[in-house]
Amino acid sequence: MRRTRILTAALALAAGLLAGTPPALAADASTDVSITADTYTWKNARIDGGGFVPGIVFNRKEKNLAYARTDIGGAYRWQQSSKTWTPLLDSVGWDDWGHTGVVSLASDSVDPDKVYAAVGTYTNSWDPGNGAVMRSADRGASWQKAALPFKLGGNMPGRGMGERLAVDPNRNSVLYLGAPSGKGLWRSTDSGASWSQVANFPNVGNYVQDPSDTSGYASDNQGIVWVTFGESTGTAGNATRTIYVGVADKDNAVYRSTDAGATWSRVAGQPTGYLAHKGVLDAANGYLYLAYSDKGGPYDGGKGRLWRYATATGAWTDISPVAEADTYYGFAGLTVDRQKPGTVMATAYSSWWPDTQIFRSTDSGGTWTKAWDYTSYPDRANRYTMDVSSSPWLTWGANPSPPEQTPKLGWMTEALEIDPFDSNRMMYGTGATIYGTEDLTNWDSGSRFTIRPMVQGLEETAVNDLASPPSGAPLLSALGDVGGFRHTDLTKVPPMMFTQPNFTTTTSLDFAESSPSTVVRVGDLDSGPHIVFSTDNGANWFAGTDPSGVSGGGTVAAASDGSRFVWSPAGAGVQYTTGFGNSWAASSGIPAGAVVESDRVDPKTFYGFKSGKFYVSSDGGATFTASSATGLPSGDSVRFKALPGVKGEVWLAGGAPDGAYGLWHSTDAGASFTKLAGVEQADTVGFGKAAPGASYQTLYTSAKIGGVRGIFRSTDKGASWTRINDDAHQWGWTGAAITGDPRVYGRVYVSTNGRGVVYGDTADGGTTDPDPDPDPDPTGACSVTYKVTNQWSGGFQADVQLSNIGSGAWNGWSLGWSFADGQKVTQVWNAEYTQSGSAVTAKNVGWNGNVAAGASVSFGFTGSWSGANARPTAFRLGEQSCTVG
């Protein structure tokens with residue numbers, strides 16, 4: 001439940017990656033390079049969500065047309081037939097990476113084919129580009145862009161307020177946009193093609209989160225935060241006369257025009273002392289509802305109120321559901337039921353503990369009910385049931401004490417919308433997902449309504465590192481905010497993120513090349529260890545011990561055989577250890593903050609890079625020596641990897657436009673490097689299975705080659721390159737990590753900064769190395785331990801350990817049992833399964849079929865239950881019974 005998003009792109013920018021223009025190519029990079037193209041199919045490794053969704057917008061004319069915006073990961077359109085989201089801004093390229101941050105969305109209620117997005121990620125120096133308004137006449141399938149003379153902040157404080165962008169519901173060629181940074185109110189009269197400032201708008205806002213912040217992030221004026229039209233004051237084709245505008249000013253929060261924007265005035269009698277996060281007009285009864293907080297959000301907010309403004313009489317009424325003294329949160333999420341005038345709902349967006357709260361009124365705010373209430377503290381009574389079986393990681397693997405529950409109802413709940421055509425459907429955004437219900441009116445009848453994730457297709461994680469081992473799970477990821485995942489099936493949501501512990505952000509991970517069951521990851525955590533290890537390919541973890549001074553994850557490298565590790569943490573110098581990090585010693589000869597990697601053949605050889613210098617250790621990380629190689633990038637925006645299967649072969653990518661920038665190759669353990677001709681810029685490098693008939697592993701890079709930015713593949717050691725993405729699939733900034741799959745030719749995993757882990761498969765006919773399918777008929781004694789590790793209303797998670805207590809090895813296994821209470825398995829990891837009625841059979845996957853005498857194998861699953869959840873009492877391995885522990 002991290003309260004800040006990883007700023008991967010911002011950090012890259014600060015290091016100089018994205019500033020300026022490319023220099024002239026060095027002499028050795030001017031050689032012609034062969035460029036071809038390939039047709040790839042691109043998908044996400046499914047996580048479903050993983051980040052903050054600050055805005056959801058339903059079209060008011062067409063049923064089932066809805067959009068969602070994310071703070072760094074683009075915009076999405078709802079697909080009703082599959083109940084999934086379709087990404088709309090994957091075409092945003094490297095140079096415009098900031099345009100993946102969406103500060104506002106507007107769907108045209110006159111022409112539903114039209115949709116608009118106000119884009120830009122940061123208003124301070126982290127983003128060098130100005131904002132823009134994107135416009136589409138085909139529901140986001142294609143876009144045109146109108147550049148703005150100022151920046152927009154999709155990932156800035158106050159991003160949950162809004163919507164800042166609005167289309168006139170009567171004359172849809174007219175749009176308004178509220179700007180941050182003191183830039184005022186803007187208007188377009190040509191359907192978003194051009195924009196001009198509304199010169200006579202009287203207030204540009206004055207609220208800043210933290211005036212002392214010298215970075216400009218928290219000290220920016222949050223500006224004009226929402227625009228709402230009084231739709232009944234216009235007729236078709238004529239501009240709406242009454243317009244309300246919300247301003248980030250605690251004393252002057254609401255303004256109005258009654259002459260279609262010609263003049264503006266502060267609305268008389270309005271409350272002061274708070275910021276109006278939202279302003280929603282119920283045209284049927286003439287009430288403008290406002291959600292107020294003392295802070296701009298989305299993390300902060302200690303007090304709040306709800307107010308109702310009667311547009312006909314000018315009367316203001318405090319309709320807050322609780323007394324001001326009883327709030328420890330602000331209000332933000334706000335919606336009305338267009339089918340049932342007088343029904344209004346709001347959220348306590350900043351109630352982090354014990355949970356968010358949702359309020360509902362059916363009498364225009366006269367009386368309210370809550371989504372949950374205390375019975376006898378700390379016990380709670382919920383009006384809802386949570387079903388997260390489609391995204392079981394939303395429990396966070398937690399087991400909190402009451403009044404906290406898992407999964408939580410949410411946090412950062414600034415987006416809340418009742419479907420304007422369906423009173424039963426509601427969606428709301430959280431810091432991790434979109435939740436929703438399709439039986440909302442059960443709330444009013446006193447029966448429970450069911451809340452489920454409504455997020456499939458919306459992928460919003462920031463990726464820091466990727467690994468694809470030669471055996472075991474095909475993908476391990478290091479992510480911001482949600483830590484990371486072990487994908488045994490790319491098409492399914494993993495049951496849980498990495499836990500034991502769950503880093504708020506995982507910064508680096510590695511596996512032992514010749515022993516892929518050994519994995520290490522490092523990351524950031526408010527308290528606790530910053531390094532953890534696994535001996536079962538990342539399925540389970542145990543913590544190491546931090547050296548003195550460690551404050552963050554940094555980078556980590558595992559020896560090729562898993563016997564030792566080198567760690568370059570934040571807050572301390574480079575360290576090395578034998579075993580699993582019970583004690584550490586300082587490495588000598590290498591500066592603090594160096595990026596570290598391991599040789600993939602020699603377990604005692606490690607490499608490092610810092611500020612233009614390459615470092616090599618041949619004694620397991622105890623001592624490093626600076627290489628004499630010259631001409632490498634002088635900054636620290638560098639990523640490098642050693643080639644599996646070949647000792648001493650290293651590829652290095654990185655640099656900045658104002659200096660050395662490109663891709664380098666070493667065959668002598670970094671003693672010397674050769675810069676590849678024709679690669680103008682490169683930011684990542686990775687390896688995958690060799691092409692059919694090729695002897696060298698396939699190279700992948702996010703790079704600029706032949707004047708084109710893209711994702712490239714080489715099957716001949718970089719002599720020629722194939723661009724494998726296209727202009728429709730660019731995903732903004734892809735400079736954090738890339739890796740091929742060692743088992744599938746052509747498959748590549750690409751990091752994004754907010755669009756999750758994207759993977760591509762070639763249309764050239766990549767082939768998979770299938771794992772053998774041994775006959776699962778082991779002999780000898782067996783024992784089983786079955787443990788329910790987490791349980792919630794209607795769902796549970798269990799771990800099963802199967803032990804070979806006989807004298808012979810197993811070459812494959814198949815374990816069967818029956819449930820007594822009608823439980824149903826919904827998802828399994830580290831095994832394949834079938835279920836018929838109450839009978840379940842779990843069978844090994846290829847990599848964990850061999851179980852030596854005295855060894856064990858583990859798998860886990862999620863399931864559903866009702867009434868009771870008794871554990872099975874008997875297990876059979878093939879035809880023999882197992883002892884139950």
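Mentor: Let's start with the charged pairs: a search through the whole structure turns up 23 salt bridges. To count as one, a side-chain nitrogen of Lys or Arg has to be within 4 Å of a carboxyl oxygen of Asp or Glu. Keep in mind that this is a predicted model, where local features need pLDDT of at least 70 and side-chain atom pairs count only at pLDDT 80 or more, while totals for chains, interfaces and linings use all residues. Residues are numbered from 1 along each chain as its sequence is written, and side-chain values use heavy atoms, with hydrogens and water left out.

Take Asp48 and Arg46 to begin with. Their side chains meet in a salt bridge, at 2.7 Å from N to O. The cut-offs are under 20% relative accessible area for buried, over 50% for exposed, and in between for partly exposed (1.4 Å probe, protein chains only).

Next up is Arg69 with Glu163, a salt bridge with 3.0 Å from N to O. This pair joins distant parts of the chain: Arg69 sits in strand E4 (residues 66-69), and Glu163 is in the loop between strand E10 (144-147) and strand E11 (165-167), 94 residues apart. Those labels are DSSP runs numbered from the N terminus, helices (H or I) having at least four residues and strands (E) at least two. Arg69 and Glu163 are both buried.

Glu513 and Arg600 also meet through their side chains, in a salt bridge of 3.0 Å from N to O. Glu513 is in the loop between strand E37 (505-512) and strand E38 (515-524), and Arg600 is in the loop between strand E45 (595-598) and strand E46 (606-610), so parts 87 residues apart in sequence get tied together. Again, both Glu513 and Arg600 are buried.

E45 and E46 belong to an open sheet of four strands, in the order E45-E46-E47-E48, and the pairing is antiparallel. Two strands pair if DSSP finds at least two bridges between them. The edges are E45 and strand E48 (625-626), each of which pairs on one side only. Inside the sheet, E46 and strand E47 (residues 613-617) run antiparallel and are joined by five bridges.

Last comes another sort of link. A disulfide is a covalent bond between the sulfur atoms of two cysteines. In the search, a pair of cysteine sulfur atoms counts if they are within 2.5 Å, and the whole structure has one. The partners are Cys782 and Cys882, with their sulfur atoms 2.0 Å apart. Cys782 is in strand E61 (residues 782-792) and Cys882 in the loop between strand E71 (880-881) and strand E72 (883-884), so this pair links distant parts of the chain, 100 residues apart. The angle about the S-S bond is -95 degrees, and the link of Cys782 and Cys882 is left-handed. Cys782 counts as buried because its relative accessibility is 2%, and Cys882 counts as buried at 9%.
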